[in-house]
Amino acid sequence: MAIVPACAEPRHYTFGRTPTDAEIAAQNIDVRADGRGLPPGQGSVAQGRDIFANTCAPCHGDKGQGLLSDRLVGGFGTLKDHNPVRTVGSYWPYATTLFDYVRRAMPFSAPGSLTDDQVYAVSAYVLSMNGIVADDAVLNAANLPKIAMPNRDGFISPDPRPDVP
Amino acid sequence: MAGFSVTRRRGLLAGAATLLADKRAGAQEEAPPWMRQQGSPVANPPYGVPSKFEGNVVRRPRVALKFPTASSSGTPLQDLHGIITPNGLHYERHHAGVPAVDPAEHRLLIHGLVDRPLIFTIDDILRFPSVSQIHFLECSGNTPEFRDPKPDWTPQDTHGLLSCCEWTGVPLSTLLAEVGVQPSARWILAEGADAAAMSRSVPIEKAWDDAIVAYAQNGERLRPEQGYPLRLFLPGFEGNMSIKWLRRLKLGDQPFQTREETSKYTDLMPDGKARQFTFIMEAKSVITRPAGGQQLRDPGFHEITGLAWSGRGRIRRVEVSTDGGTSWRAASLQEPILPKCLTRFRLPWTWDGGPAALRSRAIDETGYVQPPREALVDVRGINSGYHFNAQQTWRIAQGGAVSNAV
């Protein structure tokens with residue numbers, strides 16, 4: 001593997017330019033596990049219920065049980081079963097990933113069409129269906145990263161392979 | 001004196017002439033139609049396509065498509081030769097379909113823990129010094145044989161999410177040197193311009209090593225299905241990480257924990273824990289002929305041929321068994337043998353007409369041996385989903401029908 005250079009080298013070429021703050025802001029949509037990147041705004045479970053019924057239920061089922069698309073709810077304690085059920089609640093390590101993914105990729109037919117408030121609301125509703133937040137929860141940039149997901153410690157890294165004798 | 005009578009000679013000549021006439025008339029009568037008229041003109045079509053007689057050599061999905069844009073299609077490995085995958089047959093795995101990106105509008109933004117963020121047009125990227133490397137690309141979900149393999153599967157079904165091209169582009173290290181990477185940067189978020197805004201975290205060591213920001217495959221600009229106008233290419237890593245339609249690279253001090261590296265592309269173990277960041281595609285091989293779905297016409301000589309590859313470097317050896325793994329013979333490897341690239345292997349074989357079980361196993365330059373299915377499942381269980389690289393067995397029945405040994 002190459003060694004990471006320690007010093008800041010000057011530019012070698014003249015092409016490419018400094019992006020404007022607006023250009024960066026328009027694309028800078030990622031949300032980290034520590035919450036960095038979460039936008040201002042908020043959304044309640046109640047608001048999320050309405051959005052989910054209209055926008056998400058057609059594919060994910062009215063109770064998030066999965067129809068055409070992935071099941072979102074339940075499956076707790078099944079990860080060692082012959083047929084494990086991996087959902088947002090039973091498997092995902094971070095609630096922030098839910099916000100990040102819904103914001104960039106959902107709904108399937110019109111990705112990126114929800115407002116930030118709506119994404120907070122839908123995230124709150126999905127988490128409430130999983131019993132992870134209360135039915136009257138209102139999520140925002142401050143409390144979303146603090147949510148303790150049940151499978152937070154369920155992942156192993158770095159890669160232990162080769163592993164087959 | 002009795003001589004060669006004029007009559008006889010005339011007869012002989014006449015006979016010879018008749019013979020010649022017969023031969024010429026016979027040649028004209030027997031000549032196929034394509035020899036008796038002009039063929040198609042040049043540049044017709046301007047972008048050449050295969051013979052219509054090869055119309056069955058296409059990409060195919062393995063299963064019926066619930067979501068045609070969030071699906072995959074496999075390369076017809078059994079119908080290919082050598083190691084190169086033609087661009088129109090490169091496998092696909094998309095999560096939101098193929099975007100029609102306008103290269104004049106598209107930009108690559110590099111920002112985050114850098115000294116100077118930069119934004120590039122495609123023309124800018126094309127100006128940088130370039131490299132070309134021949135590498136395989138494989139989906140880590142290839143070969144879904146942990147659970148429910150089907151006996152009628154062909155190599156396209158079992159191993160089709162695998163292709164190999166010459167990739168040309170700018171080394172990512174060249175671009176990183178331009179922006180100036182800060183010492184605290186350990187991970188890079190790579191993000192695409194498809195409707196899923198597909199995103200993965202790339203360890204910075206890989207970025208400095210052999211990662212390419214690619215704009216060409218097999219000599220021409222990327223196909224839309226492979227990420228036109230720009231993609232990330234990470235040799236030897238699981239295919240999902242080679243982000244297509246690349247629009248942004250953001251340097252950070254932690255992995256970004258995207259959906260594709262938490263909910264998906266993590267490998268559930270029997271103890272209920274899941275492995276995360278399993279980047280490397282381990283050594284693997286498959287016989288492509290004779291293989292599932294094919295029919296051996298008669299006993300006698302048949303060349304066993306297939307492909308071997310490893311994300312850890314070069315293939316060192318491929319061994320082939322015709323008795324289901326009891327005895328093995330070394331196959332010959334096609335040169336050049338390149339790192340993190342398909343290697344074609346061949347073994348001459350005489351089929352006696354009876355039942356047989358063909359399988360191959362690859363050994364790579366690290367000494368790693370492609371395991372049999374039992375050994376893999378013993379460690380991984382049956383729910384890890386990804387990275388199934390066990391030996392593949394094809395069963396030949398009496399009469400020559402070949403099927404997937406399940």
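**A two-chain model, strand by strand**

Strand 9 of chain B is joined by two bridges to strand 10 (residues 220-221) of chain B, and these strands run antiparallel. Helices and strands are DSSP runs numbered from the N terminus, a helix being H or I over at least four residues and a strand being E over at least two, and two strands are said to pair if DSSP finds at least two bridges between them. This is a predicted model, in which local features need pLDDT of at least 70 and side-chain atom pairs count only at pLDDT 80 or more, while totals for chains, interfaces and linings use all residues. Residues are numbered from 1 along each chain as its sequence is written, and chains are lettered from A, and ligands numbered from 1, in the order in which they are written.

Within this pairing, Gln217(B) has Glu220(B) as its bridge partner. The two strands form a hairpin with two residues between them, and Asn218(B), which lies in the turn, has a positive phi of about 50 degrees. Strand 9 of chain B has other partners as well: five bridges join it to strand 6 (residues 162-171) of chain B, again antiparallel, with Pro171(B) placed as the bridge partner of Ile212(B). Strand 11 (residues 231-233) of chain B also pairs with strand 9 in the antiparallel sense, over three bridges, and here Val213(B) has Leu232(B) as its bridge partner.

Another buried residue of chain B is Thr85(B), which is found in the loop between strand 1 (72-73) and strand 2 (92-93), and which counts as buried because it has 22 C-beta neighbours inside 10 Å. Leaving aside residues up to four places away in sequence, Thr85(B) touches Thr75(B), Leu80(B), His90(B), Ser163(B), Cys164(B) and Cys165(B).

Turning to chain A, its secondary structure comes to four helices and three strands, and from the N terminus on the elements run α-β-α-α-α-β-β. The C-alpha atoms of this chain fill a box of roughly 55 × 50 × 30 Å along the principal axes. Chain A has a radius of gyration of 19 Å, whereas a compact globule of 165 residues would have one near 15 Å; the radius is taken over C-alpha atoms, and the globule rule is 2.2 Å times the number of residues to the power 0.38. Buried residues make up 35% of the 165 residues in chain A.

Where does helix 2 of chain A bend? The bend, of about 50 degrees, is at Phe52(A), and it is the angle between axes fitted to the seven residues ending there and the seven starting there. Phe52(A) is also one of the buried residues of helix 2, together with Val45(A), Gly48(A), Ile51(A), Cys56(A) and His60(A). These buried residues pack against strand 1 (42-44) and helix 4 (116-129) of chain A, and just after the helix Gly61(A) takes a positive phi of about 90 degrees.

Finally, the two chains can be considered together. In all, 57 residues of chain B are in contact with 46 residues of chain A, where contact requires that the C-beta atoms of two residues, placed from the backbone, lie within 7 Å. Several elements of chain B each supply at least two residues of the side that touches chain A, among them helix 4 (172-179), strand 12 (246-252) and strand 14 (274-275).

Strand 14 of chain B also pairs in the parallel sense with strand 3 (residues 155-156) of chain A over two bridges, with Ala274(B) as the bridge partner of Phe155(A). Strand 14 is joined to strand 13 of chain B by two bridges as well, in this case running antiparallel, and Asp267(B) stands opposite Arg275(B).

Terms used: A residue is buried if 20 or more other C-beta atoms lie within 10 Å of its own, exposed if 12 or fewer, and partly exposed in between; C-beta atoms are placed from the backbone.
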